[in-house]
Amino acid sequence: MMFNGSVNIYDINNVIQIETKKAKSIMSNTHSILCHECHYKVTLPTLSHKQAAMCPRCGLQLTVYHNNASQRIIALATTSLIFLFASLPFEFLSFSVNGQTQSIDIMGSLWILVEKDYGLLALIQAVAMLILPAFVLISLLYLLVPLGLGLHQKHEQWLLKALFKLLPWTMAEIFLIGVLVSLIKIMSMADIGIGLSFYAYLLFTLFMTITLLYVDKYQLQQLLIGNIEDEYIAIDRNRSIQTTWAWLFTSALLYIPANILPIMHTSVLGSDDPSTILGGVIILWKMGSYPIAVIIFIASVLIPVAKIIILCWLNYSVQTNQQYAFRERMFWYRFTEFVGRWSMIDVFVVAVLVSLIQLGNVMNILPGHAALAFCGVVISTMLAAMSFDSRLIWYEAEKLTSREKPI
């Protein structure tokens, strides 16, 4: 149930559509590639610098080519790792009120969460902001540095697949935004100090983001493994639909305590003041921090609900074999994949505030049970999006076409 088709080519700087016949006449060394979102088989020509290939059926960017991409990745990944390790030993943030000061470094902040019996929250933060980003960068260097010497590492294909599976779970940039939101929340009540580690982590996040702009799965596969013909992977329709429903049901259940229970407790002079996610948004709005209040409301309230509703609609549409709005459904599927992880901002805000504000009876912040519940909402919705097989959107239409046209 696959058909050869033309691929749309465009230049990143100047969008240029190239028709099939023209592409075939001016480009050589063509080979086939499967779109991993709709499994449409297309003929891919040789690309020039900054040219990208688009799937003609679902519009997915299949690959983009950059000259000397491997050398750029090596340089940028090395720089990113240097700044990541430089962010560990120095002071990250400090908080001072009424003559009392609390300062933290990155590793110390994780240890404070463990001491407050929130080891799972510390583990999630460590994995998302340190362990997985470091793994991705080290894996890229492990694969590409020996290649410059004409050497190949063992298990290249396995490591390449693992790298791209783990990429969505790296959240360095989301953690950094969570830190900035935390500072805005407490800036009016105390003096905030920014240490060397903060600037090092900021530079790490910037360079890692630039590194990933040059990381293209198809181009890396061609470079490391060679031109391998993609194999058709059978669609397990029932398993995909049932697994997606299970994760969505889990998300909906966790969303209730995540919004009803306090996400953190603020204690000032022995007086406990619990706050929910929505309560925190209202406080920010009353403080005049309108942009931050809007960001938290969208990331922590609207996006989780929207993602659950959209995925329920998509899963129901493929379960009932609905044949309409193929491109529109693909757009909303990609939207859920892109925005889902950004809901972790509120979890990181809580983790930073708990680590930073521990001043005994004067002032301290403790995480609430909603923090873990909300973290579960984010993770389960991400897993729901990953378990949803987007090829099912095209499945029935492809079967009908296969009856009309021989393969």
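Among contacts in the protein chain (heavy atoms within 4.5 Å) between residues at least 6 apart in sequence, 74% join residues at least 24 apart. The model is a predicted one, in which local features need pLDDT of at least 70 and side-chain atom pairs count only at pLDDT 80 or more, while totals for chains, interfaces and linings use all residues. Residues are numbered from 1 along each chain as its sequence is written, and side-chain values use heavy atoms, with hydrogens and water left out.

The protein chain has 15 helices and 12 strands. Of the 407 residues in the protein chain, 50% are buried. Here buried means under 20% relative accessible area, exposed means over 50%, and partly exposed lies in between, with a 1.4 Å probe and protein chains only.

The interior was examined in terms of nonpolar cores. A nonpolar core is a set of buried Ala, Val, Leu, Ile, Met, Phe, Trp, Tyr and Cys residues joined through side-chain atoms within 4.5 Å. The largest such core has 87 residues, and those with the most contacts inside it are Leu-93, Tyr-201 and Met-344. Helix 4 (residues 119-144) supplies the largest share of this core, namely 15 residues. A second, separate core consists of 29 residues, including Ala-53, Leu-314, Tyr-333 and Phe-388. When residues up to four places away in sequence are not counted, the residues touched by Leu-93 include Ile-104, Val-179, Leu-183, Ile-194, Phe-198, Val-352 and Leu-356. Gln-102, Ser-103 and Gly-193 are also among the residues that Leu-93 touches.

Three strands form an open sheet in the order 8-7-9, with antiparallel pairing. Strand 8 (100-104) and strand 9 (191-194) stand at the edges, each with a single partner strand, so one side of each is left without a neighbour in the sheet. From one strand to the next, the twist averages 15°; the axes behind such angles are lines fitted to C-alpha atoms, for helices over the stretch in contact, and the angles run from 0 to 180 degrees between N-to-C directions. In general, strands of a sheet pair through backbone hydrogen bonds, either parallel or antiparallel. Two strands are taken to pair if DSSP finds at least two bridges between them. Strand 7 (residues 93-97) is joined to strand 8 by five bridges, and the two run antiparallel. Thr-101 in strand 8 is the bridge partner of Ser-96.

The structure holds 13 aromatic pairs. Rings of Phe, Tyr and Trp (its six-membered ring) pair if their centres lie within 6.5 Å; planes under 30 degrees apart count as stacked, over 60 as edge-to-face and the rest as tilted. The rings of Phe-92 and Tyr-201 have centres 6.5 Å apart and planes at 85°, so this pair is edge-to-face. The pair links distant parts of the chain, 109 residues apart: Phe-92 is in the loop between helix 2 (69-86) and strand 7, and Tyr-201 is in helix 7 (residues 196-213). Both Phe-92 and Tyr-201 are buried. The rings of Phe-175 and Tyr-201 likewise form an edge-to-face pair, because their centres are 5.5 Å apart and their planes at 80°. Phe-175 lies in helix 6 (residues 172-186), 26 residues from Tyr-201 in helix 7. Phe-175 counts as buried at 3% relative accessibility, and Tyr-201 does so at 0%. Ring pairs link Phe-92, Phe-175, Phe-198, Tyr-199, Tyr-201, Phe-204 and Phe-348 into a cluster.

With a disulfide defined as a pair of cysteine sulfur atoms within 2.5 Å, the count comes to zero. Cys-35 is in no disulfide, and the nearest cysteine sulfur, that of Cys-58, is 3.5 Å away. Cys-35 is buried, with a relative accessible area of 0%, and Cys-375 is buried at 1%.

Most residues other than glycine have a negative phi. Asn-68, which is not a glycine, has a positive phi of about 55° and is found in the loop between strand 6 (61-65) and helix 2. Ala-325 also has a positive phi, near 45°. Ala-325 lies in the loop between helix 11 (290-319) and helix 12 (326-339) and is partly exposed, with a relative accessible area of 26%.

Notes. Helices (H or I, at least four residues) and strands (E, at least two) are DSSP runs, numbered from the N terminus.
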